[in-house]
Amino acid sequence: MKKKLGDFTGLAKNYSLYRPSYCPLVCKAILGLVDKNNNEIDFVDVGAGTGIWTRMINHAGLNSTVAIEPNDDMRKHGILDSQKTNITWVNGSGENTTLNDNSADLLSMASSFHWVDFEKAIKEFSRVLRPGGFFTAVWNPRHIECNPLLVEIEEKLYEIAPHIKRVSSGNSDFTDTLTERLKNADVFSDAIYLEGFHTIKQTPEEYLGVWWSVNDIRAQAGEDKFIQFMAFVEEKTSNLDFIETTYKTRAWLARVR
């Protein structure tokens, strides 16, 4: 089935099972910038997917957490994965969260801000956030330079599909200019950038599962080339006990006026 760019329908199961967590230190740093105790913070995660980042922030013991997710498949898995939490799941989007004015102290988009209309979204976020509250955009790309195998796999991807352009990796054209765009937005008073690294050991199944959960590469390469690429990845990793993968969590924060 041909994948549409930005449509994660049918990918949610792999997303839920295999997508890695974000750097815990970055999570703590973001919460530390909010001028409230954790148990006083009202948090909203927009484009929450299956709730990986949502649950990390919620685990800090917040006053309330709302997860906004427009895709039915992703939201369904997010609700299932969050059953033992107090997270409220809502059908909404970055341009229309459906939330009340001045109802949040911290609002995030994790690995999803590139999918929305920038101007409409930041206007919506400034409406939902209380004065002095923070918007944060977070991504969690692989830092492949730490592992020659990952570099080889990446090179093979571009050999098979040289025309693809990374949209959602967190190392895209979108993030190259994000600091200035947030600083220059009328709704924000200032902006800050953070990054942190964490390394995890993934079984071949887990590593392949992450690739099977991606949308932008698969949609651009086409199904035949993507399956060819995945066959190469499976061959390179099948005899390994684990793949050591370093992730670089990148976070931008902007304070609402």
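This briefing describes salt bridges in the structure above. The structure is a predicted model, in which local features need pLDDT of at least 70 and side-chain atom pairs count only at pLDDT 80 or more, while totals for chains, interfaces and linings use all residues. Residues are numbered from 1 along each chain as its sequence is written, and side-chain values use heavy atoms, with hydrogens and water left out.

**Overall count**
- Across the whole structure, a search finds 13 salt bridges (a side-chain nitrogen of Lys or Arg within 4 Å of a carboxyl oxygen of Asp or Glu).

**Pairs within helices**
- Helices (H or I, at least four residues) are DSSP runs, numbered from the N terminus.
- Asp72 and Arg75 form a salt bridge whose closest N and O atoms are 2.7 Å apart.
- Asp72 is exposed at 52% relative accessibility, whereas Arg75 is buried at 14% (buried means under 20% relative accessible area, exposed over 50%, and partly exposed in between, with a 1.4 Å probe and protein chains only).
- In helix H8 (residues 178-184), Lys183 and Glu180 also lie three residues apart, about one turn of the helix.
- The closest N and O atoms of the salt bridge between Lys183 and Glu180 are 3.5 Å apart.
- Lys183 is partly exposed at 44%, and Glu180 is partly exposed at 42%.

- Glu223 forms a salt bridge with Arg218, with the closest N and O atoms 2.7 Å apart.
- Arg218 is buried, its relative accessible area being 11%.

Conventions:
Helix = DSSP H or I, 4+ residues; strand = E, 2+ residues; numbered from the N terminus.
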